[in-house]
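The following exercises concern a single protein model. Each one sets a task, and a worked solution follows step by step.

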Amino acid sequence: VKTSITLSDELIEAIDEYGQSYKNRSDFIEAAIWAFIKQIIRDQQNARDIEIINRNAERLNAEALDVLAYQVQL
């Protein structure tokens with residue numbers, strides 16, 4: 001699919017500077033957008049994981065303290 005977007009001159013200059021290893025600007029922009037989308041997905045997954053951990057933190061901490069109580073001094 002072909003589309004048209006407007007980018008600032010400053011961004012085009014940065015693309016030209018840092019995107020030299022890509023076939024063209026379009027490939028660089030697509031790679032950059034995919035990387036950004038993947039980061040958003042990772043951030044959302046991490047936020048869900050933290051929410052789950054926090055929701056269970058009291059129980060998990062109690063279990064950890066219980067396990068530590070069984071340790072013997074060496």
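**Exercise 1. Determine how many salt bridges a search of the whole structure finds, and examine the pairs D16–R25, D27–K23 and R55–E51.**

Step 1. The search of the whole structure finds four salt bridges, a salt bridge being a side-chain nitrogen of Lys or Arg within 4 Å of a carboxyl oxygen of Asp or Glu. Side chains of opposite charge can pair when their charged atoms come close. The model is predicted: local features need pLDDT of at least 70, side-chain atom pairs count only at pLDDT 80 or more, and totals for chains, interfaces and linings use all residues. Residues are numbered from 1 along each chain as its sequence is written, and side-chain values use heavy atoms, with hydrogens and water left out.

Step 2. One of the bridges joins D16 to R25, at 2.8 Å from N to O. D16 has a relative accessible area of 34% and is therefore partly exposed; buried means under 20% relative accessible area, exposed over 50%, and partly exposed in between (1.4 Å probe, protein chains only). R25 is also partly exposed, because its value is 41%.

Step 3. D27 and K23 form another bridge, their closest N and O atoms lying 3.8 Å apart. D27 is partly exposed because its relative accessibility is 28%, whereas K23 reaches 70% and so counts as exposed.

Step 4. R55 and E51 meet in a salt bridge of 2.7 Å, N to O. Both residues belong to helix α2, four residues apart, which is about one turn of the helix; helices (H or I, at least four residues) and strands (E, at least two) are DSSP runs, numbered from the N terminus. An α-helix has 3.6 residues a turn, so residues three or four places apart point the same way. R55 is exposed because its relative accessibility is 56%, while E51, at 41%, is partly exposed.

**Exercise 2. Describe the aromatic pair that a search of the whole structure finds.**

Step 1. The search finds one aromatic pair. Rings of Phe, Tyr and Trp (its six-membered ring) pair if their centres lie within 6.5 Å; planes under 30 degrees apart count as stacked, over 60 as edge-to-face and the rest as tilted.

Step 2. The partners are Y22 and F28, with 5.2 Å from centre to centre and 80 degrees between the planes, an edge-to-face arrangement.

Step 3. Y22 lies in the loop between α1 (9-18) and α2. Y22 is partly exposed because its relative accessible area is 36%, but F28 is buried because its value is 17%.

Step 4. Y22 can also be placed relative to E51: the two are 29 residues apart in sequence and 39 Å apart in space, C-alpha to C-alpha.

**Exercise 3. Follow helix α2 and state by how much α2 bends at A57.**

Step 1. At the N-terminal end, N24 caps α2 through a side-chain oxygen 3.0 Å from the backbone nitrogen of S26. This is a polar contact, a pair of N or O atoms within 3.5 Å; within protein, one must be able to donate a hydrogen and the other to accept it, and residues adjacent in sequence count only if both atoms are side-chain atoms.

Step 2. At A57, α2 bends by about 60 degrees, the bend being the angle between axes fitted to the seven residues ending there and the seven starting there.

Step 3. L68 is found in α2 and is partly exposed because its relative accessible area is 47%. The C-alpha atoms of L68 and N24 are separated by 58 Å, the residues being 44 apart along the chain.
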